[in-house]
Amino acid sequence: MKNELIFDRSYVNGIWSSSGKKTFNVYNPANGEKISSVIDGGTSITKKAIKAANIAFKTWKETTAKHRSTILEKWSHLIIRNSNQLSKIITLESGKPINESKSEVNYGASFVKWFAEEGKRTYGDIIPSHTNDRRLIVIKQPVGVVAAITPWNFPLAMITRKVSPALAAGCSVIIRPTEESPLTALALAYLADKAGFPPGVINVVVGKNPSAMGKILCESNLVKKISFTGSTRVGKILMKQSSYSLKKLSLELGGNAPFIVFDDANIDNAVEGAIASKFRNSGQTCICVNRFIVHEKVYDEFLSKLILAVEKFKIGNGMDSEVNIGPMINSSAIKKTESFVEDAIKKGGKILAGGKALNKFFYEPTIISNVNTNMKLANEEIFGPVAPVFKFSTDKEAINIANDTIYGLASYFYSQNISRCWKVAEKLEYGMVGINEGLISTEIAPFGGIKLSGHGREGSKYGIEDYLDIKYMCFGNII
Ligand code: SIN
């Protein structure tokens with residue numbers, strides 16, 4: 001496929017770098033075909049990027065927020081203008097259905113546009129002084145070089161959600177996309193270059209060895225902040241490696257989202273929200289529903305409607321615009337899903353829809369009832385199109401099941417009772433709560449979790465704070 005936005009090497013200091021002796025292949029998860037071969041920049045390109053970003057930071061931070069905003073705006077326009085080509089790259093390398101890829105391009109561009117504005121509002125404070133001869137001022141300044149380590153499931157939006165606030169605040173950035181999906185990141189670098197970011201302000205380093213490159217970024221004293229989206233396991237490693245330099249960290253890690261359906265819920269709305277949240281990107285998002293928890297009075301009705309909705313899915317290559325369930329990212333993802341389903345069946349789970357892999361690329365949308373808390377899929381992130389359904393009889397029981405997890409990213413529930421809505425929302429131990437809503441992500445609201453789902457918030461007015469240091473200035477002897 002001819003796509004003018006496909007590049008095959010790292011972008012560092014405004015240059016497409018041919019340094020790196022080896023190459024690695026990027027494959028289409030829908031059929032295993034090679035899409036492209038990319039130069040593995042490895043640790044040496046990572047070190048070069050740190051150096052370049054550090055030099056670029058010194059001048060970028062001196063520019064005005066308005067100037068940075070103009071370039072960010074331009075980048076956002078270019079992303080939208082190139083939506084067709086970008087969406088195709090996203091679908092090719094992540095498998096995501098093309099309509100979801102188009103939405104991701106808009107979603108990704110929305111962060112750039114939002115932070116182009118927010119960058120102009122990083123206000124400080126004047127503190128009423130404790131003595132007559134002093135004046136106390138607080139200003140906010142960019143933290144410095146930022147490394148964004150990003151996943152394959154949102155190869156565009158997870159980059160813009162991290163780097164737009166950083167760039168708007170005056171930081172320079174190094175993007176380390178996952179080796180499964182480097183192409184979208186490189187296309188973004190090309191558009192950033194066209195938008196007018198000076199050399200070294202945005203760098204994209206690609207390579208096959210994520211842990212070696214990540215370690216260099218974490219251990220460098222020049223990198224002042226890491227923002228990572230991925231597994232809790234890797235988040236802990238990055239945190240440990242960053243401890244030497246006492247780096248700031250934003251970690252958006254795993255989830256185990258509950259979706260409670262109370263007996264007073266509008267069941268049709270709940271099914272619609274369930275489908276949207278559980279099966280988005282074939283179940284491969286951090287905020288996909290992991291556990292349905294349904295009141296006994298509406299259990300049968302909810303399940304029968306959910307089964308009907310699931311049976312309407314079209315599974316296949318995401319390039320087909322009719323498809324709404326694409327492939328899993330790779331064979332280990334298929335194997336993991338299979339092992340979770342086998343474990344559930346062994347422990348008493350009943351398959352009501354799907355229940356198996358179609359081949360080595362696709363897993364059927366699956367519904368399992370008779371679920372209990374001993375099952376793997378009740379405790380671990382499934383990250384696949386499998387919907388386990390619990391039954392409950394009291395609010396307390398539902399909340400206990402929902403909170404009985406080490407994770408705390410997203411949660412959802414459906415009820416028409418306003419008092420219950422307030423109380424349950426307050427009791428759920430999660431960073432985000434969808435109330436009668438299954439799709440909660442937007443650039444204007446804070447995205448992030450608590451517990452082992454990480455810390456820091458992305459998007460919204462809060463999202464830029466993680467890229468700013470607070471400086472207190474005390475003016476004395478004012479007489
Ligand atoms: C994620 O899966 O990490 C991101 C999901 C979203 O932004 O909606």
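Mentor: Ala, Val, Leu, Ile, Met, Phe, Trp, Tyr, Cys and Pro count as nonpolar; Asp, Glu, Lys and Arg are charged; the others, Gly among them, are polar. The lining of the largest cavity has seven nonpolar, four polar and three charged residues. This is a predicted model, where local features need pLDDT of at least 70, side-chain atom pairs need 80 or more, and totals for chains, interfaces and linings use all residues. Residues are numbered from 1 along each chain, and side-chain values use heavy atoms, without hydrogens or water.

Trainee: What makes a space a cavity?

Mentor: On a 1 Å grid over the protein atoms alone, a 1.4 Å probe fits there but cannot get out. The whole structure has two such cavities of 30 Å³ or more. The largest has a volume of about 100 Å³, counted as the space filled by probe spheres set on the points. Its lining holds 14 residues, each with an atom within 4 Å of a point. Closest to its centre are Phe-154, Met-158, Arg-161, Glu-252 and Phe-447.

Trainee: How do you know where the largest cavity lies?

Mentor: Domain 1 (10–253 + 453–473) and domain 2 (257–442) both give residues to its lining, so it lies between them. The bounds come from an automatic or database domain assignment.

Trainee: What lines the second largest cavity?

Mentor: Seven names: Arg-291, Thr-373, Ala-378, Asn-379, Phe-390, Ile-401 and Asp-404. They divide into three nonpolar, two polar and two charged. The volume is about 30 Å³.

Trainee: Why is H2 called roughly antiparallel to H5?

Mentor: The axes of H2 (residues 65–81) and H5 (residues 157–169) cross at roughly 155°. Angles over 145 degrees count as roughly antiparallel, so H2 and H5 qualify.

Conventions
On a 1 Å grid over the protein atoms alone, a cavity is a set of points where a 1.4 Å probe fits but cannot get out, and a pocket is an open set with protein on both sides within 12 Å along at least five of seven lines; lining residues have an atom within 4 Å of a point. Axes are lines fitted to C-alpha atoms, for helices over the stretch in contact, and angles run from 0 to 180 degrees between N-to-C directions. Helices (H or I, at least four residues) and strands (E, at least two) are DSSP runs, numbered from the N terminus. Angles under 35 degrees count as roughly parallel, over 145 as roughly antiparallel, 65 to 115 as roughly perpendicular and the rest as oblique.
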